[in-house]
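Good morning, everyone, and thank you for making time for this. Please bring up the sequence and the structure, and keep both in view while I talk.

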Amino acid sequence: MTMMRRPVGRGRLLAVLGALIILVGCVLPWWQLGGGDGIPPISGNAFEAIGIVVFVVGIVTLALVTLPYAVGDRPTGIDRWLLYAFLAVVGWLGLGARVLDLLLSGAFAFGEPAEVFTDGPGLWFAGLGLSILARAVYQMRGEPLYR
């Protein structure tokens, strides 16, 4: 029995890397308030408000990359660069909306360094992962379609 699997391609490998970085960024704190004088800080990550959209984009990207291997040797019409581009745009819109929400709620009020810490690493990781996903879309546009 011979198994013929389609090659993953550089674009899809970049999409997996971007999705994994997005998921790591969603778990890390996006903002943090307080934490001085022995008081635990109040923080939040992607699982608040519209930030959950970024997490969903990471999960759906991983599912989309693995979909052709789940259905067997039949090609799937959904595994195209255009859907990855849609996911990247939705992810950027979700990240932008959450940053705007944090900005309007005062989480980015730059006060004393001991009181306010808004430079959450998760926000940066999510942005990096979305950038890699956007680069993966650009890479996928040049890859041949398997039918």
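Let me begin with Arg12 and Asp79, both of which are buried, where buried stands for under 20% relative accessible area, exposed for over 50%, and partly exposed for what lies in between, with a 1.4 Å probe and protein chains only. Before I go on, please note that this is a predicted model, in which local features need pLDDT of at least 70 and side-chain atom pairs count only at pLDDT 80 or more, while totals for chains, interfaces and linings use all residues. Residues are numbered from 1 along each chain as its sequence is written, and side-chain values use heavy atoms, with hydrogens and water left out.

What do Arg12 and Asp79 form together? They form a salt bridge, with 3.3 Å between the closest N and O atoms; the term requires a side-chain nitrogen of Lys or Arg within 4 Å of a carboxyl oxygen of Asp or Glu. Because Arg12 belongs to helix α1 (residues 10-27) and Asp79 to the loop between α2 and α3 (81-105), this pair ties together parts that are 67 residues apart in sequence. Helices here are DSSP runs of H or I with at least four residues, strands are runs of E with at least two, and both are numbered from the N terminus.

How many salt bridges does the structure hold? There are three, and another of them joins the side chains of Glu48 and Arg98 at 2.8 Å, N to O. This pair also links distant parts of the chain, since Glu48 sits in the loop between β2 (42-44) and α2, and Arg98 sits in helix α3, 50 residues apart. Glu48 is partly exposed at 27% relative accessibility, whereas Arg98 is buried at 6%. Arg98 also forms a salt bridge with Asp101, and there the closest N and O atoms are 2.5 Å apart. Both of these residues lie in helix α3, three residues apart, which is about one turn of the helix, and Asp101 is partly exposed, with a relative accessible area of 32%. Through shared partners, the salt bridges join Glu48, Arg98 and Asp101 into one network.

Now let us turn to the surface. Which residues form a nonpolar patch there? They are Val27, Phe47, Ile52, Val56 and Val60, which together have about 390 Å² of accessible area, as given by the Shrake-Rupley method with a 1.4 Å probe, where for residues only the protein chains shown count as cover. A patch takes residues with over 30% relative accessible area and no salt bridge, joining like charges within 9 Å and nonpolar side chains (Val, Leu, Ile, Met, Phe, Trp, Tyr) within 5 Å. Helix α2 (residues 52-70) gives the largest share of this patch, three residues. Val60, which is found in helix α2, is partly exposed at 35% relative accessible area, and Phe47 is partly exposed at 39%.

Finally, a word on the whole protein, which has four helices and three strands, in the order α-β-β-α-α-β-α along the sequence. Of its 147 residues, 37% are buried. The protein exposes about 8500 Å², and carbon and sulfur atoms supply 70% of that area.
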